[in-house]
Amino acid sequence: MNVRLFFMAAMQLFLFSSCSSQINLQKTMDNAVKVITGSSSGKPTDTEVSGALKEALSLGARHAATVASQIDGFYKNPAIFIPFPPEAKEVENTVRTMGMNKQVDDFIRTLNRAAEEAAKEAAPIFLDAVKQMTIQDAWSILRGDEYAATNYLKKHTSDALYVKFKPIVNKAIDKVQLTRAWEPIIKTYNKVPFVKKMNPDLKDYTTRKAIDGLFYLIGKEEEKIRKDPAARVSDLLRKVFGYEG
């Protein structure tokens, strides 16, 4: 039935009917609006909660991967910037005093470039994990804190993500020639008398920092959806995250 004609006919009946009939007609019209627009109030269903949580995490994952995989996505974002490996901070300080500032800066840049390159492959991995969420998980997450969905994803996927993600990081590291940037630094440092020889696992370090950075971005998206109604870009998100029950 044409929606416009339905409302015109209903309005005419409304104007010429008795008071009690008007009340019943109003209820009928309200129900019709809900059916036609797909909107309704009250407690969301299990399916709606599950769908909304999956949608929210999917949006966050796609956004995180898009932002992080851009040039300077890691390098110029202070929140996820990957610094010189902390356990090798002494290496950085020592070689900088030996006039190797440029080499250190180049190394740090390539470290972040490797993470940016790896992030291009991250979205499908995250989205795969989102699909595994149960209805019980969804309700628990909905009632949780502002990072409950992100923490759930981190808890249940970090190990699997590492296994899947590390080869991507390894390939990215080779592509941006991170090892070539690292070798002159570590060789220079290890020649210094009486220092403890070091050679951190750069691939492990970069993998973990890249995953941490992506989860951070997903978390910020979740926080936004929970707190800002304008960030709820679908009727489903608006209904579920607007529910206060």
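**Figure 1. F194 in the loop between α9 and α10.** F194 is placed in the loop that runs between α9 and α10. The structure shown here and in the following views is a predicted model. The phi angle of F194 is near 70°, a positive value in a residue other than glycine. With a relative accessible area of 87%, F194 is exposed. A second residue with this backbone feature is D72, which has a positive phi of about 70° although it is not a glycine.

**Figure 2. The whole chain and the confidence of the prediction.** Eleven helices and zero strands make up the secondary structure of the protein. Of its 245 residues, 41% count as buried. The accessible surface comes to about 13,800 Å², and carbon and sulfur atoms hold 55% of that surface. Among contacts with a separation of 6 or more, 80% join residues 24 or more positions apart. The average pLDDT of the protein is 81, and 83% of the residues score at least 70. Over residues 1-40, however, the pLDDT is below 50, and this stretch has 19 contacts in the model beyond near neighbours in sequence. Where pLDDT is low, predicted coordinates should not be read in detail.

**Figure 3. Helix α7 and the residues that cover its buried face.** Helix α7 spans residues 135-142, and its buried residues are A138, W139, I141 and L142. Viewed down the axis of α7, these buried residues fall within an arc of 165°, so they line one face of the helix. An α-helix has 3.6 residues a turn, so residues three or four places apart point the same way. Q136 and S140 are exposed on the other side of α7. The cover over the buried residues of α7 includes α3 (46-69), α8 (148-175), α10 (202-227) and α11 (235-241).

Figure 4. The largest nonpolar core has 65 residues. L53, F84, F107, F126, F165 and I185 are the residues with the most contacts inside this core. Helix α10 gives the most to the core, with nine residues. In soluble globular proteins, nonpolar side chains tend to be buried together. Leaving aside residues up to four places away in sequence, F126 touches A61, L153, L161, L214, F215 and I218.

**Figure 5. The salt bridge between R113 and D72, and the network around it.** The side chains of R113 and D72 meet in a salt bridge, with an N to O distance of 3.0 Å. R113 lies in helix α5 (residues 101-119) and D72 in the loop between α3 and α4 (89-97), so the pair ties together parts that are 41 residues apart in sequence. Both residues belong to a network of salt bridges that links D72, K76, R113 and E116. The structure holds 18 salt bridges.

Figure 6. Side chains of opposite charge can pair when their charged atoms come close. R96 forms a salt bridge with D105, their closest N and O atoms being 2.9 Å apart. R96 counts as partly exposed at 23% relative accessibility, and D105 is partly exposed with a relative accessible area of 33%. K102 forms a salt bridge with D106, and here the closest N and O atoms are 2.7 Å apart. K102 and D106 both lie in helix α5, four residues apart, about one turn of the helix. K102 counts as exposed at 57% relative accessibility, whereas D106 counts as partly exposed at 24%.

Figure 7. A79 is found in the loop between α3 and α4. With a relative accessible area of 42%, A79 is partly exposed. A79 and Y216 are 137 residues apart in sequence, and their C-alpha atoms are 8.1 Å apart in space. E183 is found in helix α9 (residues 178-190). This glutamate, E183, is partly exposed, with a relative accessible area of 37%. E183 and N199 are 16 residues apart in sequence and 9.2 Å apart in space, C-alpha to C-alpha.

Definitions and conventions: Residues are numbered from 1 along each chain as its sequence is written. Side-chain values use heavy atoms; hydrogens and water are left out. Buried means under 20% relative accessible area, exposed over 50%, partly exposed in between (1.4 Å probe, protein chains only). Helices (H or I, at least four residues) and strands (E, at least two) are DSSP runs, numbered from the N terminus. The arc is that of the directions from the helix axis to the C-beta atoms. Contact means heavy atoms within 4.5 Å. Accessible areas come from the Shrake-Rupley method with a 1.4 Å probe; for residues, only the protein chains shown count as cover. A salt bridge is a side-chain nitrogen of Lys or Arg within 4 Å of a carboxyl oxygen of Asp or Glu. pLDDT is the predictor's confidence in each residue, from 0 to 100. A nonpolar core is a set of buried Ala, Val, Leu, Ile, Met, Phe, Trp, Tyr and Cys residues joined through side-chain atoms within 4.5 Å.
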